[in-house]
Amino acid sequence: MEEYNQAPKFIKILFFLTPHSMNGGKSLKRERLFANDFISMRKVMEHVLEKMDEENPQSTTGSVVSSGNDLPAEERVRLYCLDTLLSPEMDLRTVKHYYWKGPGDLVLTYSILKTERLSL
């Protein structure tokens, strides 16, 4: 009966985040991350954008990353697992179970979308 009174244990997933081969221009280096299995791909996308902003402090000059600041992360970054485009609503557990399926650490790749502001 004691088991029912315990809080659920969070499962952490180790994964690597690396630039996609079709990613043009400057991108982040491969990153090793741990996160709870319920973290959404949208949060991972936001992480990529934050890291890009940290590595490009001059991004206020109209770079690819800053030019779409008013757009949601899913319109600025694409995430892939084994070249399959991932939905922003998916969580790490779903991606690992349905797409990765193999042994070893999960590898996610990202691609930064070029966004341009329309000047009127």
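Let's start with Asp83. At 59% relative accessibility, this residue counts as exposed, because the cut-off for exposed is over 50%. Keep in mind that this is a predicted model. Where is Asp83? It lies in the loop that links strand S3, residues 77-81, to strand S4, residues 84-85. Now the backbone. Asp83 is not a glycine, yet its phi is positive, about 65 degrees. Why mention that? Because most residues other than glycine have a negative phi.

Next, Lys101. Here too phi is positive, about 55 degrees, and Lys101 is not a glycine. Its loop runs between helix H2, residues 92-100, and strand S5, residues 106-112. Buried or exposed? Lys101 is exposed, with a relative accessible area of 63%.

On to the sheet. How many strands form it? There are 5, and the sheet is open. The order reads S2-S1-S5-S3-S4, with mixed pairing. Strand S2, residues 31-36, and S4 stand at the edges. Each has a single partner strand, so one side of each has no neighbour in the sheet.

Look inside the order, at S3 and S5. They pair in the antiparallel sense, over 4 bridges.

Now the helices. H2 packs on the sheet and touches S1, S2, S3, S4 and S5. The direction of H2 makes about 105 degrees with that of S5. Helix H1, residues 41-55, lies across S1, residues 12-19, and also across S2, S3 and S5. Relative to S3, H1 runs at about 120 degrees.

How values were computed: Residues are numbered from 1 along each chain as its sequence is written. This is a predicted model: local features need pLDDT of at least 70, side-chain atom pairs count only at pLDDT 80 or more; totals for chains, interfaces and linings use all residues. Side-chain values use heavy atoms; hydrogens and water are left out. Helices (H or I, at least four residues) and strands (E, at least two) are DSSP runs, numbered from the N terminus. Buried means under 20% relative accessible area, exposed over 50%, partly exposed in between (1.4 Å probe, protein chains only). Two strands pair if DSSP finds at least two bridges between them. Contact means heavy atoms within 4.5 Å. Axes are lines fitted to C-alpha atoms, for helices over the stretch in contact, and angles run from 0 to 180 degrees between N-to-C directions.
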